[in-house]
2 protein chains.
Amino acid sequence: MAEQARDDRFDHLFASTVRERLDGGGYGSSASPAAEDAVPLTYGFPYPESFPTAELVAATETVLEEEGADVLQYGGGEYVERLHDGLLAREHDRGIDATRDELIVTNGATYALDAIASTFLDPGDEVLVESPTFVWSLAVLDNRSAELTGVTLDEDGLDPDALEATLDAREAAGEATPKLLYTIPEFQNPTGATLTRERRERVLELAAEYDFLIVADDAYGELRFGGESPPPLAAMDDAGRVIRVGTVSKTIAPGVRTGWIVADEALADQIGTMAAGGTNTFTQSVLGRYFDAGHYQPTLERLLEGYETRRDAMLDALERHLPPGSSWTEPEGGFFLWVTLPEGVDAEDMLPLAAEEGVTYLPGERFFVGDGGRQPAAEPVDDRTGGKRSARLSFSHCTPEELDDGIAALARATEAYLE
Amino acid sequence: MAEQARDDRFDHLFASTVRERLDGGGYGSSASPAAEDAVPLTYGFPYPESFPTAELVAATETVLEEEGADVLQYGGGEYVERLHDGLLAREHDRGIDATRDELIVTNGATYALDAIASTFLDPGDEVLVESPTFVWSLAVLDNRSAELTGVTLDEDGLDPDALEATLDAREAAGEATPKLLYTIPEFQNPTGATLTRERRERVLELAAEYDFLIVADDAYGELRFGGESPPPLAAMDDAGRVIRVGTVSKTIAPGVRTGWIVADEALADQIGTMAAGGTNTFTQSVLGRYFDAGHYQPTLERLLEGYETRRDAMLDALERHLPPGSSWTEPEGGFFLWVTLPEGVDAEDMLPLAAEEGVTYLPGERFFVGDGGRQPAAEPVDDRTGGKRSARLSFSHCTPEELDDGIAALARATEAYLE
């Protein structure tokens with residue numbers, strides 16, 4: 001069957017970023033073999049029973065009955081303010097005393113990152129990112145014509161020595177300092193690593209010394225079910241250099257598509273202008289009522305139990321099924337862990353076989369970024385994160401039984417692949 | 001009282017677009033005197049009773065009860081598909097046979113325009129816009145570092161002779177052809193003008209001849225309560241050069257923040273990638289149910305009556321109150337009309353006086369764009385649209401009684417200003 005050719009008659013009118021993407025550059029592939037019967041460890045979806053459906057129905061009724069004309073109008077009404085209160089209270093609980101002027105509510109965390117990228121980046125500006133890191137964030141930054149430089153991380157998060165070495169090397173070469181460092185300090189996507197307190201201090205010192213801002217994507221920080229949290233970077237930051245990105249996608253539901261930014265007043269106005277275009281006051285009002293009615297904390301506590309059970313089931317299955325030479329991270333929260341399979345495995349190449357055996361995952365190499373290139377590095381910056389033989393496994397979506405089946409299938413595929 | 005200075009310690013890290021805006025360039029000011037008792041003819045807000053609140057409550061209950069786990073998950077479920085069906089059916093009713101692959105649902109029309117700008121524009125690329133046109137669209141394009149060139153319009157919409165002259169002049173000067181023409185063909189914001197059928201044909205011919213794409217922002221096209229619609233540009237376009245932008249902000253409610261793009265398959269994939277980042281499947285499912293339950297058409301018919309009554313009230317008041325030397329457009333739909341006050345009026349300068357008399361509006365000159373400059377032209381490209389003595393008046397939001405009071409106040413302010 002012949003593949004239909006792309007219709008390229010308007011390609012000359014695309015922006016250069018798009019033309020480069022069409023030429024094979026760019027990030028963001030999450031293509032996976034179609035395998036309906038396979039256990040999907042691929043995506044970071046919450047498990048279906050986690051959603052507070054009844055609470056959202058009740059909140060919708062209340063807000064539309066009490067202030068429907070405001071809820072549905074540009075700008076919203078009182079319940080949008082209640083959402084601001086709720087988000088600022090959550091930030092306060094994390095040790096961050098932000099004001100209303102420092103909070104920007106957005107249509108999700110990805111839009112938040114996009115608005116931040118637009119506010120700071122001219123085409124060709126350099127952004128430092130963890131390597132590996134969340135592929136869709138790479139795609140967003142790449143779409144804004146940023147040049148991306150990967151900095152290694154390990155089980156303690158972003159490596160400040162590697163960060164300093166990169167900054168030094170750029171300085172020695174007379175290159176401009178990157179304006180932004182994009183990091184996921186808590187339960188990092190894809191590795192599950194959390195940045196240690198000592199490393200947080202080093203990263204903040206480097207930001208001051210080399211004059212860059214830190215974009216801290218905190219999608220998972222509230223989902224800690226074991227151990228102790230170091231303070232968020234923003235709580236340790238006296239200089240206003242940390243821009244926090246939050247989302248309720250993992251603590252309420254992805255479908256309500258609401259995120260936020262907390263940034264110093266010297267930054268917030270301009271980021272807010274770039275994030276303009278109106279937000280969904282209907283959803284925001286529903287969420288405002290949801291916070292106001294006290295649903296957030298009990299739901300979160302329920303989710304922590306659900307995710308801990310799933311994390312435990314996956315760790316247990318890995319221990320029982322995987323062949324010698326395998327290793328994995330043991331995150332105390334979040335959605336993901338990072339597995340490194342025995343020498344000789346190419347996780348991308350093995351994926352179709354794994355799907356046949358009954359499991360899908362995201363191959364690790366898709367999360368890596370090269371040294372300033374638009375193409376992901378085929379190999380990691382160093383070997384601590386496994387490179388080609390690594391994969392991201394999501395424990396957030398499946399039942400414990402499915403997780404066990406999935407890991408057993410991963411073990412069978414690995415053994416078959418290595419034969 | 002001393003004004004507090006902006007905290008500028010991170011200004012050197014902003015993108016050049018932001019720095020230029022801080023230096024006083026840029027578009028998008030909708031600042032208006034605080035005047036709580038004044039009749040607000042300023043903003044294009046729907047009137048509060050227009051919102052189908054009960055229908056939205058019912059739709060929310062249904063979708064969360066029937067498929068809550070899908071509605072709240074990434075991607076959504078069946079009711080998101082029903083929204084696609086509903087939007088494609090509306091497009092079909094307008095004469096546009098789009099496929100599912102040609103439809104991109106977005107978090108509102110402004111995001112849609114932003115995604116289109118990102119897909120096609122490199123910094124410094126030229127965009128042709130009507131002058132005057134919607135200020136926030138100017139701000140979006142400006143934020144993407146586009147250079148804007150204004151093309152005159154009159155009561156029959158965009159002037160194709162002026163468009164051709166601009167294109168010819170650029171070609172003669174050896175300048176690149178603009179990639180995009182941004183137009184609001186139906187009940188234009190701010191003038192209320194609708195592009196005639198003959199002019200539509202000319203504009204499409206020019207797009208083919210000079211190789212540009214047309215972004216047709218159709219926020220108001222369904223809100224016609226008199227006369228006959230010419231076919232939308234996309235319905236007359238055999239070449240795939242028209243990218244349509246739609247929104248339910250004016251036909252359902254702004255608060256649900258849902259828009260869409262219809263574009264040729266040769267364009268839609270790449271625009272969709274730039275619009276990525278997830279959409280609000282909760283809201284989209286509610287709207288999907290709203291369409292599926294048949295609420296759209298009856299609500300629209302009710303709105304047409306409401307807006308016609310308001311338009312009539314404003315026209316009647318203008319006739320009775322405004323001094324000789326005033327003129328105004330008489331749109332057969334939409335939210336706005338465009339008034340030109342007697343010689344000697346400067347509508348921007350008069351605004352505080354008008355607010356004191358009891359009315360606010362948006363001064364006309366804010367909608368004008370200069371010849372490729374980032375600053376609005378102080379004068380229109382030609383004098384057919386009134387320039388400094390013009391204003392946009394919104395009849396969408398107020399009651400007929402308020403509209404009468406507002407126009408009476410405008411008349412008093414004008415007379416006082418000219419004394």
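**Entry 1: a charged patch.** I started on the surface of chain A, where A:Asp168, A:Glu171, A:Glu205 and A:Glu209 gather in a patch of negative charge. My rule for a patch: residues with over 30% relative accessible area and no salt bridge, like charges being joined within 9 Å. Accessible areas come from the Shrake-Rupley method with a 1.4 Å probe, and for residues only the protein chains shown count as cover. Asp and Glu count as negative, Lys and Arg as positive, while His and the chain ends are not counted. I took the place of a charge as CG of Asp or CD of Glu. Helix H6 (160-172) and helix H7 (197-210) of chain A each supply at least two residues of this patch. A:Glu171, for one, sits in H6 of chain A. Helices (H or I, at least four residues) and strands (E, at least two) are DSSP runs, numbered from the N terminus.

**Entry 2: ground rules.** I'm working with a predicted model, so local features need pLDDT of at least 70 and side-chain atom pairs count only at pLDDT 80 or more, whereas totals for chains, interfaces and linings use all residues. Residues are numbered from 1 along each chain as its sequence is written, chains are lettered from A and ligands numbered from 1 in the order in which they are written, and side-chain values use heavy atoms, with hydrogens and water left out.

**Entry 3: two copies.** I found that a rotation of 180° with 0.0 Å of shift along its axis puts chain B onto chain A, at an RMSD of 0.0 Å (least squares on the C-alpha atoms of residues with pLDDT of at least 70 in both). The two copies are thus related as by a two-fold rotation axis. Of the interface residues of chain B, 100% are also interface residues in chain A, so the copies meet through the same surface.

**Entry 4: A:Asp346.** I traced A:Asp346 to the loop between strand S11 (336-340) and helix H11 (347-357) of chain A. Leaving aside neighbours within four places in sequence, A:Asp346 contacts A:Glu365, A:Lys388 and A:Tyr417 (contact: heavy atoms within 4.5 Å).

Definitions and conventions:
Patch = residues over 30% accessible without salt bridge, like charges linked within 9 Å, V, L, I, M, F, W, Y side chains within 5 Å. Salt bridge = Lys/Arg side-chain N within 4 Å of Asp/Glu carboxyl O.
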